[in-house]
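Work through these exercises with the model open beside you. Try each task before you read its solution.

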Amino acid sequence: MKNITILVDDEKSWFLPYAEKLKTNLEKKKMNVSLIHNQKQAKAGGISFLLSCSKIVGKEFLEKFDHNIVVHASDLPKGKGFTPLKWQILEGKNEIVLTLFEAVEQVDAGPYYMKECITFDGTELLDELQNVMGEQIIDMCERYAIEPERFCANRQRGEESFYARLSEADDKIDIDRTIREQFQHFRIADNERFPLWFLYQGKKYYLKIYSDKQKEDD
């Protein structure tokens, strides 16, 4: 029986429901799966999936497993670092490459096993963007877990680039620019955890955005 560990180190992560779905799907394939939120809880053996993790795992963790797998939302080595999906949407991109690769001590630097492209139409808000990405990550991880020997390790090639961590300042909207001009910014807004905001006459105001479909679902 294959032993699989899924690490999502933020219990409030948007990815948690998808991690639970991945766990269920792999268990249906007769695998022994643990979903943990702290790398210290990891038990040695098999494959670890490090998904939507905000903390770097060290050598001690990596050495516990035969393979340590990350799925990153960029065409590595381009777009290493933090929240690559959001940064690329801000840049106006609607085709995003997901790279499934082997974690090493250096961040986002390991050899990759597969790359898949997800496509958006330019109207999706954050939960819709994340749903498409989450489902594709589940699919990629399942395929790797079932037959890891099918996938060859490929060295990352090309010029690397890095995305910085987004801060509260990056959620600020310019009230002197139109909504159309800033719509990509609205698309990546996290209404609950990191809402958009602006200043007016010395006061701070917050904005939330929903599509008609989201309002219907509520």
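**Exercise 1: Around Lys93**

Lys93 touches Gln88 and Tyr163, with residues up to four places away in sequence not counted; contact means heavy atoms within 4.5 Å. This is a predicted model, in which local features need pLDDT of at least 70 and side-chain atom pairs count only at pLDDT 80 or more, while totals for chains, interfaces and linings use all residues. Residues are numbered from 1 along each chain as its sequence is written, and side-chain values use heavy atoms, with hydrogens and water left out.

Task: Find where Lys93 lies, and decide whether Lys93 is buried, partly exposed or exposed.

Solution. 
- Step 1. Locate the residue: Lys93 sits in the loop between α3 and β6. Helices (H or I, at least four residues) and strands (E, at least two) are DSSP runs, numbered from the N terminus.
- Step 2. Apply the cut-offs: buried means under 20% relative accessible area, exposed over 50%, and partly exposed in between (1.4 Å probe, protein chains only). Lys93 has 38% relative accessibility, so Lys93 counts as partly exposed.
- Step 3. Look for a polar partner. The side chain of Lys93 makes a polar contact with the side chain of Glu91 at 3.4 Å. A polar contact is a pair of N or O atoms within 3.5 Å; within protein, one must be able to donate a hydrogen and the other to accept it, and residues adjacent in sequence count only if both atoms are side-chain atoms.

**Exercise 2: A residue in another loop**

Task: Describe the surroundings of Gln156: which residues is Gln156 in contact with, beyond four places in sequence?

Solution. 
- Step 1. Gln156 lies in the loop between α4 (126–146) and β8 (162–163).
- Step 2. Its relative accessibility is 12%, so Gln156 counts as buried.
- Step 3. The contacts of Gln156 beyond four places in sequence are Leu76, Pro77, Lys80, Asp108, Ala109, Gly110 and Tyr112.
- Step 4. The side chain of Gln156 reaches the backbone oxygen of Asp108 at 3.1 Å.

**Exercise 3: Salt bridges**

Task: How many salt bridges are there? Then examine the pair Glu160 and Lys80.

Solution. 
- Step 1. Set the rule: a salt bridge is a side-chain nitrogen of Lys or Arg within 4 Å of a carboxyl oxygen of Asp or Glu. The count comes to 14 salt bridges.
- Step 2. Glu160 and Lys80 form a salt bridge, with their closest N and O atoms 2.8 Å apart.
- Step 3. Glu160 is in the loop between α4 and β8 and Lys80 is in strand β5 (residues 80–81), so the pair ties together parts 80 residues apart in sequence.
- Step 4. Glu160 is partly exposed at 39%, whereas Lys80 is buried at 4%.
- Step 5. Move to another pair: Glu116 and Arg143 meet in a salt bridge at 3.1 Å, N to O. This pair links distant parts of the chain, with Glu116 in strand β7 (residues 112–119) and Arg143 in helix α4, 27 residues apart.
- Step 6. Widen the view: Glu116, Asp139 and Arg143 are linked in a network of salt bridges.

**Exercise 4: Cysteines**

Task: How many disulfides does a search of the whole structure find?

Solution. 
- Step 1. A disulfide is a pair of cysteine sulfur atoms within 2.5 Å. The search finds zero disulfides.
- Step 2. Take Cys53: its nearest cysteine sulfur, that of Cys141, is 11 Å away.
- Step 3. Take Cys152: the closest cysteine sulfur, in Cys141, is 18 Å away, too far for a bond. Cys152 is exposed, at 57%.

**Exercise 5: The core**

Solution. 
- Step 1. A nonpolar core is a set of buried Ala, Val, Leu, Ile, Met, Phe, Trp, Tyr and Cys residues joined through side-chain atoms within 4.5 Å.
- Step 2. The largest core has 35 residues, of which Ile4, Ile6, Phe49, Leu51 and Tyr144 touch the most other members.
- Step 3. Elements giving two or more residues to this core include β1 (3–7), α1 (16–28) and β3 (47–50). α4 gives the most, with eight residues.
- Step 4. Apart from this core lies another, of twelve residues, among them Leu7, Leu50, Val57 and Leu62.
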